[in-house]
Amino acid sequence: MIRARVLISGDPLSLSRGAEKTKLAIEAEISYYGLEDEIQVSYLTHADRTDILPIVMIYPEGVTYGPVTPEDGAYIVQEHLYKGRVIEHLFAPPEVLTGDIAHIPGRKGATYAQKRIVLRRAGVINPLDIEDYITHDGYFALAKALEEMQPEEVLETVKASKLQGRGGAGFPTGLKWSFVVQQPGEKYVVCNADESEPGTFKDRLILEGDPHALLEAMALAGYAIGAHEGWIYIRGEYALAKERLNKAIQQAKELNLLGDHILGSDFSFDIHVHAGAGAYICGEETALLESLEGKRGIPRIRPPYPTVAGFRGKPTVVNNVETLANIPPIIQNGADWFRSMGTERSPGTKVYTMLGDVNITGLVETPMGTTLREIINIYGGGMKDGKAFKCAQTGGASGSIIPPELLDVPMDFASMAESGAALGSGALLIAGEDTCIVDLAYVLLRFFKAESCGKCTPCRIGTAQMLEALERLRMGYGTQVDLDRLEEIAHYTKEASFCGLGQAAPVPIITGLRYFREEFEAHTRGECPTGVCPCSVKQKVKH
Amino acid sequence: MSKVQLTIDGKSVEAESGQTILEVAQATSVDIPILCHHPALSEWGACRMCLVQVEGMRGLQTACTCPVTDGMKVSTETEEIANIRKFILELLFSERNHYCMYCQMSGDCELQDLAYRYGLDHWTYPRPFERMEIDASRKYFIMDHNRCILCTRCIRACSEVAANHTLNLRERGADSMIMADLNVPFGESTCIECGTCLQVCPTGALIDARSAYGGREKDVEHTQTTCMQCSVGCQLDVVTRYSRLLRVDGVWDAAPSNGLLCVDGRFKPLYDKRQRVTQPLVRKDNKLVETSWEEALKVVAGKLKDSKPQGLALAGTTNEALAAFVKLFEKAGGEAGRLEPLAPELDYGEPAQLKDILESDYIIVAGAAPLEYQRVVGYFIKRMADKGVPVALIGETVEGLQTQATLVLSYEEAGKAAEAAMSAKHPVIVYSVGLKAAAIEALKSLGDKARILALDPAHNSNGAQNAGLKPMAVNGADTLYFLLGEQSEDEALVAQLNGQFTIVQASYKSPLVERADVVLPTPLWYEREGHITNVEGQTLPLNAVLPMPASVRDDAEVLKVLKELI
């Protein structure tokens with residue numbers, strides 16, 4: 001009989017700060033008191049705070065201690081778990097707690113409730129324990145599909161759910177699957193876990209906190225489209241997620257939840273994990289497939305689309321992690337349940353990674369259609385230091401700049417597109433009044449110049465030339481000619497580039513110019529209104 | 001293939017489905033600019049010069065990759081498109097050093113042509129480029145990265161046409177550079193000097209070392225002829241100016257090799273340093289002295305008539321000469337044969353053409369070393385191996401294909417290859433003189449399904465065969481007549497001679513020429529008229545690129561005159 005659970009933050013930062021030693025010390029102390037049968041100890045995936053790591057949380061009380069040294073850990077076992085006394089002086093500082101780990105359930109009053117589908121288990125279960133996953137409804141959907149449903153029914157359910165791809169483009173997932181089903185021959189499921197959009201880390205939480213959910217979803221996708229092999233292309237930097245995925249695959253195979261004749265059915269499915277080597281372009285699906293085949297990561301010519309000729313030239317479904325994580329609950333609860341959330345055109349929820357000038361940064365999962373204003377004020381706890389909102393960038397580095405006028409647009413794929421913005425991958429960069437748009441664009445372009453694959457002319461040279469122009473504006477050498485040039489390059493690069501990278505790279509400039517033209521113009525006179533750019537430093541020296 | 005109807009710039013056009021917009025446009029004389037596209041290479045779609053507007057499609061499409069569909073409406077030159085093309089050219093000109101006036105390609109450069117077409121009269125964007133190293137480590141050609149526009153034609157030519165995979169890109173984005181192997185100097189790389197990259201480069205980034213600054217397209221003349229360096233018979237486009245050879249290019253739309261050449265065909269003959277025989281020579285007082293054709297022919301005719309002659313040919317000359325050779329010895333009453341050995345004849349299989357290799361699904365290379373002697377055939381086999389077609393090597397003499405081979409077998413194990421190829425629909429057997437009887441028997445089970453390509457070492461082996469010349473050694477004749485053409489012969493041949501009166505018809509000085517009693521000069525490969533019969537059995541024309549020196553006479557003519565004289 002388990003009476004208490006101890007969760008120790010196990011994210012890479014915590015591990016580097018000695019979380020493992022703390023865990024060992026706690027386990028040793030538990031066995032010293034002979035409490036192994038009563039207390040379960042496991043890693044918590046992601047504490048989402050950096051100041052108090054490693055964190056130790058104890059349920060059912062919901063007490064958070066942090067930072068916890070191995071000595072503190074032993075003391076916590078002795079006092080809290082053995083003697084039943086909460087140790088107040090080891091509590092994590094409460095005022096900071098109001099923010100960052102607001103999403104952890106069990107704590108009262110910190111934030112408004114979120115609607116959680118894909119993150120419902122992350123941070124609740126032990127990601128390294130398949131039984132914990134199964135206890136939390138895991139592999140239920142797969143079993144249901146294999147026992148009760150034909151592949152066509154699975155496909156129809158996903159279609160009926162109107163689930164849209166969460167990687168950024170919002171393409172209907174069911175439709176994508178049905179393109180592959182129509183093709184003859186061998187097929188593949190590929191999961192795009194190369195989450196490299198700056199400021200986006202939603203997939204990492206799923207991968208690290210709930211790896212089995214992804215495996216189950218890929219098996220379901222394989223069942224629906226008739227594939228027997230799946231590949232997870234994971235970002236090279238996600239070492240911990242990779243390790244956990246491999247462990248999860250091994251566990252699932254041991255229980256025959258992956259492999260040959262899953263659960264005694266005729267369906268066999270195997271999953272491989274392949275790590276990228278640090279290229280942003282490999283998040284583009286055709287470049288990802290090239291890289292997965294062992295080639296240079298550059299986008300392919302389309303058509304043919306991956307649904308016709310993808311991995312190894314065979315029809316392939318390429319889905320984002322978050323998209324796939326929605327599949328098991330859809331199969332489990334039905335399409336109507338899924339459509340009851342979010343908006344008519346974009347049902348379900350969206351995971352956002354919020355950063356910048358807000359009080360609470362981190363992950364938040366809310367129904368589609370929540371406005372940016374709501375997200376900032378409710379989940380973000382308002383603007384930091386009482387700053388005025390200047391702009392937001394949605395969808396990572398390649399996203400649009402959103403001015404205050406668009407704060408009340410419902411955030412779903414269609415509504416955002418109609419207002420000239422894009423939802424993208426779900427990164428929300430919130431910028432306060434002291435942010436310089438030119439400086440922001442410069443930082444973003446530096447990223448794109450470094451990450452352009454170099455295949456097509458406009459992206460390869462256009463990003464470098466845009467950066468050059470921004471550099472001049474930022475330094476105060478820029479003139480109206482540079483600004484005109486910048487606008488021209490941005491326009492044509494967007495029009496003429498080969499793939500999404502080049503088409504999106506100028507978007508911050510184009511939208512920035514649309515809403516904040518005066519600020520760019522000020523820089524042509526050597527003035528930076530917010531005083532961020534180097535040109536303003538020069539000014540001060542001059543006067 | 002079904003027909004589709006589409007509109008290009010308001011003009012209604014009929015096309016095959018599966019064609020690209022570019023192909024249809026070119027067929028209807030609509031000029032869409034291109035840079036990275038090359039008809040012999042796979043599509044890349046990256047330079048973005050060929051962007052066109054297709055009604056109903058989101059964004060602009062690359063004409064080189066976009067397949068035509070029924071009812072499609074294409075605009076190839078709107079104001080927006082022209083602006084984009086100009087923009088792309090301006091970017092390219094800002095990226096590296098494109099100061100045309102100092103470039104050897106100026107006047108023939110595809111980038112420069114487009115710059116004129118889109119009215120680039122000044123640099124729009126800042127040019128922060130840095131000077132890059134020029135890689136002149138290759139003997140025959142130079143790589144100047146400063147002129148490179150990263151269209152990757154050279155990389156694709158290297159990988160797809162020559163199947164050698166020497167060139168690739170390093171770094172990414174603005175730092176992208178063409179590199180050889182893992183970034184070693186070109187001259188130290190695995191490059192096989194086929195020169196295909198050189199021929200496809202649209203700018204002055206890859207320059208032929210010999211013909212650089214030798215003349216622009218408008219100054220030079222082109223002559224198509226057949227390569228005589230081996231038995232494949234690749235078509236050459238020989239470029240000349242002021243009656244001098246500038247360089248050799250491949251001919252893309254001509255069989256057997258469709259543009260692909262090897263170092264022996266493209267470069268080496270232009271660098272030949274051997275001393276040429278330009279006058280008839282006769283031995284007098286134990287010394288070879290120059291003489292007139294009349295005198296030389298009189299001496300030869302006299303010897304052929306008065307003694308027992310034997311004729312031995314190296315099959316490196318024209319069909320016409322070989323036929324005249326046989327006729328001459330018929331009349332003179334001596335034996336005539338050839339010096340090179342022949343590949344054994346198989347009593348099964350259909351004769352193959354080179355293109356059959358490209359359609360095969362199993363390739364057996366037996367007792368042959370195509371990468372060494374008939375290189376283009378070797379490259380064709382490598383191309384197929386890259387596509388996953390299994391290649392079985394039989395015999396010890398095979399070299400260079402091991403890394404690609406799926407099976408490496410001895411002659412005794414040849415049965416294994418036959419077994420593996422059994423399920424193939426179009427197996428091809430490429431073999432040469434090395435093939436042993438046991439292997440011939442073992443491969444018989446493939447029967448007439450197999451296409452067979454015999455790679456004889458002789459350059460015009462099929463021509464010699466058609467003329468009726470059989471392999472033969474020096475016999476007890478009093479007078480020996482050697483028809484050598486341009487090839488040099490084995491020094492061992494000289495050792496076999498035993499005081500016979502020796503007549504040599506050759507174009508270069510060699511030990512046999514030094515030993516000869518009479519030497520008759522013959523024309524070089526680019527001076528010959530006539531025909532050869534290549535490895536496929538196709539008769540291919542030789543066209544004189546330049547006139548031969550007045551003191552040299554064509555082999556066939558000489559042999560005909562001799563026949564009249566005796």
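Predicted model: local features only at pLDDT ≥ 70, side-chain atom pairs only at ≥ 80, totals over all residues.
Q: Is B:Tyr213 buried or exposed?
A: B:Tyr213 is in the loop between β10 (206–208) and β11 of chain B. Its phi is near 60 degrees, a positive value in a residue other than glycine. Exposed means over 50% relative accessible area. B:Tyr213 has 58%, so it is exposed.

Q: What is the relative accessible area of B:Asn286?
A: B:Asn286 is not a glycine, yet it has a positive phi of about 60 degrees. Its loop runs between β14 (281–284) and β15 (287–290) of chain B. B:Asn286 is exposed, and its relative accessible area is 65%.

Q: Is B:Ser231 buried or exposed?
A: B:Ser231 is in the loop between β11 (221–226) and β12 (235–241) of chain B. Beyond residues up to four places away in sequence, B:Ser231 touches B:Gln374, B:Asp456, B:Ala458, B:His459, B:Asn534 and B:Val535. Buried means under 20% relative accessible area. The value for B:Ser231 is 3%, so this serine is buried.

Q: What distance separates the C-alpha atoms of B:Ser231 and B:Ala458?
A: These two residues are 227 residues apart along the chain. B:Ala458 is among the residues that B:Ser231 touches. The side chain of B:Ser231 also reaches the backbone oxygen of B:Asp456 at 3.4 Å. For B:Ser231 and B:Ala458, the C-alpha separation is 6.5 Å.

Q: Which residue has the backbone oxygen that the side chain of B:Ser432 reaches?
A: B:Ser432 is in the loop between β22 (427–431) and α13 (437–443) of chain B. B:Ser432 is buried, with a relative accessible area of 9%. Outside four places in sequence, its contacts include B:Ala343, B:Pro344, B:Gly367 and B:Pro457. At 2.5 Å, its side chain reaches the backbone oxygen of B:Leu455.

Q: What is the area buried between chain B and chain A?
A: 32 residues of chain B are in contact with 32 residues of chain A. Carbon and sulfur atoms give 58% of the buried area. The total is about 2600 Å².

Q: Which element gives the largest share of the side of chain B that touches chain A?
A: Between the two chains, 19 residue pairs are in polar contact. On chain B's side, α2 (79–95) and β8 (167–170) each supply at least two residues. The largest share is nine residues, and it comes from α2(B).

Q: Which residue of chain A meets B:Glu95 in a salt bridge?
A: The interface of chain B and chain A has two salt bridges. In the one with B:Glu95, N and O are 2.8 Å apart. The partner is A:Arg460.

Q: How many residues apart in sequence are the parts tied by A:Glu322 and A:Lys202?
A: The side chains of A:Glu322 and A:Lys202 meet in a salt bridge at 3.1 Å, N to O. A:Glu322 lies in helix α13 (residues 321–325) and A:Lys202 in helix α9 (residues 202–209), so the pair links separate parts of chain A. Both residues are buried. The parts are 120 residues apart.

Q: Which strand holds A:Lys350, a salt-bridge partner of A:Glu322?
A: The closest N and O atoms of A:Lys350 and A:Glu322 are 2.8 Å apart. The pair ties together parts 28 residues apart in sequence, because A:Glu322 lies in helix α13 and A:Lys350 in a strand. That strand is β9 (residues 349–356) of chain A.

Q: Which residue forms a salt bridge with B:Asp264?
A: The closest N and O atoms are 3.0 Å apart. B:Asp264 lies in helix α6 (residues 263–266) and its partner in helix α11 (residues 375–386), so the pair ties together parts 111 residues apart in sequence. Both partners are buried. The partner is B:Arg375.

Note on methods: Residues numbered from 1 in each chain as written. Chains lettered and ligands numbered in written order. Heavy atoms only, no water. Helix = DSSP H or I, 4+ residues; strand = E, 2+ residues; numbered from the N terminus. Buried < 20%, exposed > 50% of the residue type's maximum accessible area, 1.4 Å probe, protein only. Contact = heavy atoms within 4.5 Å. Polar contact = N/O pair within 3.5 Å; in protein donor to acceptor, adjacent residues only side chain to side chain. Buried area = accessible area lost by both parts, 1.4 Å probe. Salt bridge = Lys/Arg side-chain N within 4 Å of Asp/Glu carboxyl O.
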